[in-house]
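Hi there,

Here is the structure I promised to pass on to you. Have a look at it first, and then read on for my notes.

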Amino acid sequence: MMNSNDRLEVRKTHKLFIGGAFPRSESGRTTEVTDHEGAFLANVAMASRKDAREAVIAARTAFASWSRATAYNRGQVLYRIAEVMEGRTDQFVNDIQRTEGVSKKKATGQTQASIDRMVWYAGWADKYSQVIGNTNPVSGPFFNFSIPEPTGVVAAVAPDKPSLLGLVSVVAPIVMTGNSVIVIASNSNPIPAITFSECLATSDVIGGNINILTGDPTEIMPWLAAHADVNALDLTGVTDPTLAKELEVAAAGTVKRVRSAPINPDFEATPTLSRVRAFTEIKTVWHPLGV
Amino acid sequence: MSSLDAHAPVTHKGLHAFLAGLPGVDQVGAEARATALGTRSIKKDSKLWAINTAISMVDLTTLEGADTPGKVRAMCSKALHPDPTDMTTPSVAAVCVYGDLVETARSVVSDRIHVAAVATAFPSGRASLEVKLLDTKEAVAAGADEIDMVIDRGAFLSGNFSKVFEEIVAVKEACGPAHLKVILETGELKTLDNVRKASWVAMKAGADFIKTSTGKVAPAATLPVTLVMLEAVRDYFQETGIRIGVKAAGGIRTSKDAIKYLVLVNETVGEDWLTPDLFRFGASTLLNDLVLQRQRMLTGHYSGPDYVTID
Amino acid sequence: MAFEYASAPESTSIVTIKGSYDLFINGEFTPGHGTSFTTINPATEEVLATVAEANQDDVNAAVAAARKAYNSTWSKMSGADRGKYLFRIARIMQERGRELAVLESMDNGKPIKESRDVDIPLAAAHFFYHAGWADKLEFAGYGTNPKALGVAAQIIPWNFPLLMLAWKIAPALAAGNTVVLKPAETTPLTALLFAEICQQADLPPGVVNIITGAGDTGRMLVEHPDVNKVAFTGSTTVGQAIQREVAGTNKRLTLELGGKAANIIFDDAPIDQAIEGIVNGIYFNQGHVCCAGSRLLLQESIAEQTIESLKRRLQTLRLGDPLDKNTDIGAINSREQLNRIIDLTKAGEDEGAERWSPNCAIPDKGFWFAPTIFTNVTQAHRIAREEIFGPVLSVLTFRTPDEAVEKANNSPYGLSAGIWTEKGSRILWMANKMRAGVVWANTFNRFDPASPFGGYKESGFGREGGVQGLGAYLTTEDPS
């Protein structure tokens, strides 16, 4: 499309985000993404199961250091993501308008809500363990405490709409709690996800901590659901009950934790801590009290 | 664990390092184990055997400022015949008195049972080494064949383990042929770690017996403290082949309590220690309860205080 | 003479075992329509009673009763009143504690010392603890208006029958759910006595339903469409089958599955208490414990002397009549379980590990297995990876803390771990690194209703006990 100066636009190649880098799919495939009216928007990389496998390796590697980062540190990293997102507000608004076909006002509202959502979770990083962890008053001479720990590597499916806010609402709590994530971005509205991955690449996120794949969830998710090195599934964006069931069955193979798709979700409303609980494991420690 | 030859000069640092290398004791775990052993249920034949054994392990004790020759003579008679209505009742192992009443005690018991004397400025242990050694020698000369000494708890708690060690060595020498029991006074040592360390100091220094308490400080003997001492004795035997005895003194009043201690001995160091040569109860009122229980077992009905002698 | 502990048998006269038992549905004992089966005393192989089997009609009736009770009574009742029922139940469990303990030992095979001092008191304590939550749910961190899920289907194993029942029923009821519970087929009797206790407490009919049966009954219960929540404790294999079964439904699920816990002893451990911890860790309840310390990880520098001390300690364990108060090791729960243990220990020998047991007189009748130690075990041995669920300890060594962490975590399971060292910073460092839901430091096998219990990885998900355990039985208004 020509801009008002008749300058030829340099179009973006929309690639995957794995291990902090932007590779194409090893399969070489792309998929065509159209705007809400059906007009061509972009060719987006179409992830294969091998890409997913690489993403799991990158996620597990990053998990080693991310899970050991202090809570304060994790809050700082999330806040930095928000800062970078803020700087790209116009780009996000543009992305959302084009892909979802909503008004600029609505797109702006969604962008701001997404940034605010990231800030909200950033502020939780050094607090949630005080809310969902505690000491336990056992009846014996023991000191006993329960703390939440990250479950490990989470495979998630982001919802189609709202394309940015839904993605951030899925990713932020997973990462805030010390986990790594492989997200399958919305198949129909992937553009905001790709801009989001650019934000991640330019903030302080450890490479591999957050991996964003564009592609067909029906093709990739079964591999992730059965992958023995994935600890949990977030099926927020899986609206097809047949696929959801197939993934839940596959998850049983290694007793993965599964968070099902919410029914009629309202992503704008302030979340509860259920996502934080879903991707943390409670560890309880006992020690005798004696001289 | 490095072995310290009790007769070689002990360096302060060497002893310190040795004691620091001993395994710690988890108080909660040790107390739980002692309590669990106390739930062993003893019935019938075993119980009678246990009561007879416990009687034969008693060091019948009087250690009061108000002790007189008359009091001591009465106690010694009882020591020989704890139950005058049943002469099959075993004698106790020993009588235990202050050094200046040893002669009186010996005149009653002659050499039928042991006469143990407390010495070394019992119970506080606060006096010069010369005074402590004289205390010991006089008691032995008067006829004591066992000496119950106290360790210097002040020296122990201030970390002067070598002083504690050397005093025991010196008292052992002053004992001559008499057997030495070393009182740790666990109620003042407070922690089970200290009890373990003090046990090792005493054993390395030549004790024949390690003893929990003077009976003048509470808590005196307890199951957890005795457990730790028995473990030390067991470990010492593993290392040297030498069997050292344990005396639990003070606070053991009932047959039920005494039997718990026997279970402790049985399951910690083994049945070889279930003999007065290796285990004693320092007690006074315990004997009457043992006699009452013995009467109940043999007659089939509960007995009463009128059927046992006051002393 | 040797100090013989004469047997000190607990009298069985305190408990009356009926010839046959019905199902407990809608507050009444009602005949089952499946094929009745027997439950035996595993120490004597005597038949204790005949027990009904719930067939599909019975399962339907039980779920319907639970649903009706939920809709008409339990969901309308105030939290305070629900709490009062739970307090009543807790009290009666204490009153009938001796009876429950004797019955548990007879049906399960565990020593009376354990059922009397651990199982039954903890079970009552669970009801006490959760009774107090019933009217305080809005403070538990699940939103200002948390609600029950509805009808909970609960399936429990045979290793701690009454305690597992308490872990399931107490929080479910406190949170406002009604339940249908299926006890294990080899240990139904204390659950059926519990049903009587519910009657004594005047619990509204249908709030608690107990249906006896085996795998088929359990499957029918899990598959029932009117169940909102499934809670399962048992083997990983069955847990996975259940997870597959509820896939695609809206049923909430929690699983508490197997384990192969590492009990890690450092060279500066309080060694006498560590030995007790090892013994307790694997021989308590005959090793029929999901969180058993079945892998002993010894620091190599103290391995030899620790194994010697451990062998010496094992000589004082008494194996025999579960009703003898002096018994430390009771009967294996069933012939099937005994055969599994025998097979796996044989595999251990075949794979080259060295096997040792103390001299143990084994009674003629009943199912028994002497406490056993395997030394020279490595991670590659089956006995180091598979859950034996018996009194069998596999001993491995490590050189450094990092190696201990690696070996401990190198398992698909992640239920529990033990750490023994006198160094405080190392305790916390190790606890931090253990991928396990319960970490016992300088202690082992401690349980409390206030303390959340559950696993990582293939040991399951969800917690039981504590404020975290309530979440499994509540739903919150969650916008996304």
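How many residues does the contact take from chain B and from chain C? The answer is 23 from chain B and 20 from chain C. Please keep in mind that this is a predicted model. On the side of chain B that touches chain C, helix H2 (27–37), helix H3 (44–56) and helix H12 (255–268) of chain B each give at least two residues. That side is made up of eight nonpolar, six polar and nine charged residues.

H2(B) also meets a helix of its own chain, H11 (residues 223–240). The two axes come within 8 Å and cross at roughly 100°, which means that H2(B) is roughly perpendicular to H11(B). From H2(B), the contact uses Ala30(B), Glu31(B), Arg33(B) and Ala34(B); from H11(B) come Leu223(B), Pro224(B), Leu227(B) and Val228(B). Six of these residues are nonpolar, none is polar and two are charged.

Now to chains A and C. Here 41 residues of chain C are in contact with 40 residues of chain A. Among the elements of chain C that give two or more residues to this side are helix H8 (236–246), helix H14 (424–433) and strand E18 (438–441). H8(C) provides the largest share, five residues. By class, the side of chain C that touches chain A has 17 nonpolar, 17 polar and seven charged residues.

Strands link these two chains as well: strand E10 (residues 280–288) of chain A pairs with E18(C) in the parallel sense, over three bridges. Within that pairing, Trp286(A) has Trp440(C) of E18(C) as its bridge partner.

Enjoy exploring!

Terms used:
Residues numbered from 1 in each chain as written. Chains lettered and ligands numbered in written order. Predicted model: local features only at pLDDT ≥ 70, side-chain atom pairs only at ≥ 80, totals over all residues. Contact = placed C-beta atoms within 7 Å. Helix = DSSP H or I, 4+ residues; strand = E, 2+ residues; numbered from the N terminus. Nonpolar A, V, L, I, M, F, W, Y, C, P; charged D, E, K, R; others polar. Pairing = 2+ DSSP bridges. Axes fitted to C-alpha atoms, helices over the stretch in contact; angles between N-to-C directions. Parallel < 35°, antiparallel > 145°, perpendicular 65-115°, else oblique.
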